Amino acid sequence: MCKADVTPYWTCVYDELSRQDPIPLPLQRLFLCLVAIAYLPIMCPLTVGHFVGLDDSYFEFDEAHTFNFLTLMSVTTGLSQLQLYVCVSLAASFFATLIWADTTATERPFRWPKSWETENNACYDDMFCEPSRKDRLIRRPGNTLSNFFYLSSAMVVLTSSYSRAFISEEKTSFILSDATFGTMMLILSISSTVWHGCNAMWSHVVDLWSMDAVIIYLPIRMMSLGVFVTLCKHSWDPIMASHIASAACMLIYAAHIHSNGLRWKKKHDQKFWHKHFPFAVRNRLLHSPYVQTKKDDTINSLSLGPIPLYEVYLFALMPVIHNIPSWIMAKKVYESFGSVCFARILNISLAVGWAYRMTERWALDACRHIKFFGERMEMAKKNGEHIKSFSWMTLAAVLSPTAVLHYCTGITLTAAFCHARSVEIIMLQKFLVL
């Protein structure tokens, strides 16, 4: 396969994707406009709620707790404001230690284990555009240090689970599955830090595995809560209904973690991403040598077929699509929306992070400003202008699409957990479990 046949880096692939797609250009533009417009409703849950027929009684949770953000976090997590502060401080301490180790590495040169295959950058360079700092402990500071938000969220969820299990009187909800969710988020924060810090190939499979587990949990939890509500409405004992719903949630989640782990391990054993990143849009264009059918009509078993434009649009719509089940459950099952504050935070942060992430190299590769920052960083470094070099590096790190995704989705996961807990608290109170 000839790498020269692949669209060069720093070239937005949307135009090529548009030209190769059979959908007429006017319809493509219409769909693109609809994708952009579809983001607007999720920013305004109250407006959408009233539009779909939810009255003010669906939105009383925040009002009952004075609309104070920290109070809402304390109520939903079961943690005091001091405990929340300690969780964030512990995460900050971990990454502060990592920064210290990176800045003092010149005094104590650090080398990652050779067995980690850290010199294989083919997959990483196919995926991310943040400039690399070679021979440093943290090669890409933006993509690495932004995992602080995942670690903070993991600490909050794990501490909340522990508190509800052993300190609080509330022992009838999804404590075990919440603890597993927090553990998977902890694994995600560590594996993602290693993957972006040094490109260790083993960490990539753990990163993808734990990321999938973190993404899927809260929808499973909300559906399981729906099971609890349905059983209670059919005159089941609320405690028994809670145990059944919690057990179902844990079993489904554990099955997903196990089966998905085997799937990703198989791909790793096949070296699925050791030479390139098969999911990258540029690698799935018609002229790419990595598409499924070769010129001799044999099959590339480690690659995917040509990517259609609608797949990109659907991927971009994920923040909108994931809201649909929530609205249906709120109207038809829960008869309550939960915390509007957390719903607004999780939707806005997810929409911003997801939309900007579409400019990452493996997606549409539309982040030319990162290239500009990287060139200026290298120029300043050659001229011995260390302050300027550091400033350009910081800009590239802070505005890296993957770093921004980490900020936003870390906030999203915390807000989504608190929102799920707000609905759960309302349901437990409604059926006299609390």
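Let's start at one spot: glutamate 117 counts as partly exposed because its relative accessibility is 32%. Glutamate 117 sits in the loop between helix H6 (81–103) and H7. Helices here are DSSP runs (H or I, at least four residues), strands are runs of E with at least two, and both are numbered from the N terminus. Glutamate 117 also has a positive phi of about 55°, although it is not a glycine. Most residues other than glycine have a negative phi.

Before going on, a word about what you are looking at. This is a predicted model, in which local features need pLDDT of at least 70 and side-chain atom pairs count only at pLDDT 80 or more, while totals for chains, interfaces and linings use all residues. Residues are numbered from 1 along each chain as its sequence is written, and side-chain values use heavy atoms, with hydrogens and water left out.

Asparagine 199 is another residue with a positive phi, about 65°, and it is not a glycine either. You'll find asparagine 199 in the loop between helix H10 (175–198) and helix H11 (201–233). Its relative accessible area is 0%, so asparagine 199 is buried.

Now step back to the whole chain. The protein chain has 19 helices and 0 strands. Its radius of gyration is 23 Å, close to the 22 Å that the globule rule gives for 434 residues, so the chain is as compact as a globular protein of that length. That radius is taken over C-alpha atoms, and the globule rule is 2.2 Å times the number of residues to the power 0.38. Along its principal axes, the C-alpha trace spans about 65 × 60 × 40 Å. Of the 434 residues, 51% count as buried. If you look at contacts (heavy atoms within 4.5 Å) with a separation of 6 or more, residues 24 or more positions apart account for 76% of them.

What about the inside? In soluble globular proteins, nonpolar side chains tend to be buried together. The largest nonpolar core here has 49 residues, and those with the most contacts inside it are Phe181, Phe228, Tyr253, Tyr334 and Met427. A nonpolar core is a set of buried Ala, Val, Leu, Ile, Met, Phe, Trp, Tyr and Cys residues joined through side-chain atoms within 4.5 Å. Take phenylalanine 181: leaving out residues up to four places away in sequence, it touches Val157, Val214, Tyr217, Leu218, Tyr253, Leu413 and Phe417. There is also a second, separate core of 21 residues, which includes Tyr14, Ile307, Leu309 and Leu364.

Next, the rings. A search of the whole structure finds 26 aromatic pairs. The rings of tyrosine 162 and phenylalanine 166 have their centres 5.0 Å apart and their planes at 45°, so this pair is tilted. Rings of Phe, Tyr and Trp (its six-membered ring) pair if their centres lie within 6.5 Å; planes under 30 degrees apart count as stacked, over 60 as edge-to-face and the rest as tilted. Both residues lie in helix H9 (residues 148–166), 4 residues apart, about one turn of the helix. Phenylalanine 166 counts as exposed, because its relative accessibility is 61%. Elsewhere, Trp264, Phe272, Trp273, Phe277, Phe279, Phe315, Trp354 and Trp362 form one aromatic cluster.

Proline 401 is in helix H19 (residues 401–430) and counts as buried, at 0% relative accessibility. Setting aside residues up to four places away in sequence, proline 401 touches Cys129, Tyr356, Arg357, Thr359, Glu360, Cys367 and Ile370. Asparagine 347, in helix H16 (residues 340–357), is buried as well, at 3%. Beyond its neighbours within four places in sequence, asparagine 347 is in contact with Ile42, His322 and Asn323. Lysine 134, by contrast, is exposed, with a relative accessible area of 68%, and lies in the loop between helix H7 (122–127) and helix H8 (141–145).

Definitions and conventions:
Buried means under 20% relative accessible area, exposed over 50%, partly exposed in between (1.4 Å probe, protein chains only).
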